[in-house]
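Look at the model shown here and follow the paragraphs below with it in view.

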Amino acid sequence: MKLDKELAGKITRDGLISVLLYTAPIVLMFASFQIFGYKPWEGSNELPFRAPAFIEAVFKNLSSWGLPVIVLVLGIIEFAAGLYENKWTKNERILDIVCFVVPKLVVKPFVAYFGLKLLPAILPDAKNVLDWVPFWWAFLIIAVADDLTQYWYHRLHHQLPWLWRFHRTHHSAPYMGMAMAGRQNIIYTIFFSQTYLTVALTYLGLGYAALFVKVIKSFITTGAHSSVPWDKPFYEIRWLKPIGWVLERLISTPATHHAHHADTSDDGIGYYKGNFGNMFFLWDIIFGTGIITRKYPSSYGIQHYQEEEWYAQFMWPIFKSKKEGSELAQGGPMVGDVVPEHDTVTLKPDTTTVAVA
Amino acid sequence: MFTFSDAVLLIRKIAVGILLTVVPFVLIAGGIWLAWQLFS
């Protein structure tokens, strides 16, 4: 399956724009140093920025055990409220729970090896070499670096057909909510590029800011997958509307991210071929890959879903599905719902030719 | 069954992941280091 020229052109163009976006915080930082005559690398009598002890403790606890507990509690509330009724079959249940638990055990050794063994071996003199970067600049650098990288990781798994099946598990859930927020193929999760990038920047000395970015990002992405349409008041209450206008362009909301998980785009609400942003929706605005409707899809998932075995969805291509014709089966199609472009259908007996889009 | 073509796919996938880690890292770390040398 060859990538069409127009799409390849867009990816190249947006990749070049991304070079500017990655370096923009650095340019702004040094411009501010120039304006104020500030050279933080020369050291100062000031102590490095620390958040108030209480705030720091809250963020540290959220980062370690707090966020998973919040997701678990919200998930139980959703389940009790009947959100998953008729949809949470035994297979879906096992898959969601395995995806919630196993990565917490499996991914950490990979990340620890990268941060504690590989980086010191490759860059032995670089540890904490950038710890002079002021906190708020480090916060901006990490937020852009982490989320723009995840945008690209996510977008490429949708736009490069051969990568789609690694991400399919996240889209096969016919419901939104906490149960599916972390539902991913394990290989997709292990090789999350932004995780290793943030670990590498932490190694250079930007780690304190990374803690705060991680927690804020987790709240936004969890909220975007949530069954609670927390963004609705921003579209309906008059004095909140200007804030809503900015908010829906800046970060992912239930409306924009639910649209990404819709099983159809025929209703003008769903848009699974775009809205790739995770924390920031801004990337979709910049690259023209997003749509904003302020509405929520009526159904979610993928239309060609065959409820493949949980182990195949979690471990493909190591384990395959036994369902014939499935994308996850041995020799299955790369993308299951491809609509052939420019197919010609000949209607008999009057031999009229109709182009099918 | 895990096949040779699956292994190739996995290697290509990991290569994309590495590219998406290394390129931003070089841009950011290299950018800060370069500007630091210029202004110090």
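Ile97(A) is found in helix H3 of chain A, which covers residues 90–122. Helices here (H or I, at least four residues) and strands (E, at least two) are DSSP runs, numbered from the N terminus. Ile97(A) is partly exposed because 14 other C-beta atoms lie within 10 Å; a residue is buried with 20 or more other C-beta atoms within 10 Å of its own, exposed with 12 or fewer, and partly exposed in between, the C-beta atoms being placed from the backbone. Ile97(A) and Ala179(A) are 82 residues apart in sequence, yet 7.6 Å apart in space, C-alpha to C-alpha.

A word on the source: this is a predicted model, in which local features need pLDDT of at least 70 and side-chain atom pairs count only at pLDDT 80 or more, while totals for chains, interfaces and linings use all residues. Residues are numbered from 1 along each chain as its sequence is written, and chains are lettered from A and ligands numbered from 1 in the order in which they are written.

Next come the helix pairs. Helix H1 (residues 5–36) and helix H4 (residues 135–159) of chain A pack at an angle of about 170°, with their axes 9 Å apart. Axes are lines fitted to C-alpha atoms, for helices over the stretch in contact, and angles run from 0 to 180 degrees between N-to-C directions. H1(A) is therefore roughly antiparallel to H4(A), as angles over 145 degrees count as roughly antiparallel, under 35 as roughly parallel, 65 to 115 as roughly perpendicular and the rest as oblique. Among the residues in this contact are Leu7(A) and Ile11(A) of H1(A), and Trp137(A) and Leu140(A) of H4(A). Two residues are in contact if their C-beta atoms, placed from the backbone, lie within 7 Å. The contact has 14 nonpolar, 2 polar and no charged residues. Ala, Val, Leu, Ile, Met, Phe, Trp, Tyr, Cys and Pro count as nonpolar, Asp, Glu, Lys and Arg as charged, and the others, Gly among them, as polar.

The axes of helix H2 (residues 53–80) of chain A and H8(A) come within 9 Å and cross at roughly 15°, so H2(A) is roughly parallel to H8(A).

What does chain B contain? Chain B has 1 helix and 0 strands, and 25% of its 40 residues count as buried. The contact between the chains takes 28 residues from chain A and 22 residues from chain B. H1, H4 and helix H8 (193–225) of chain A each supply at least two residues of the side that touches chain B.
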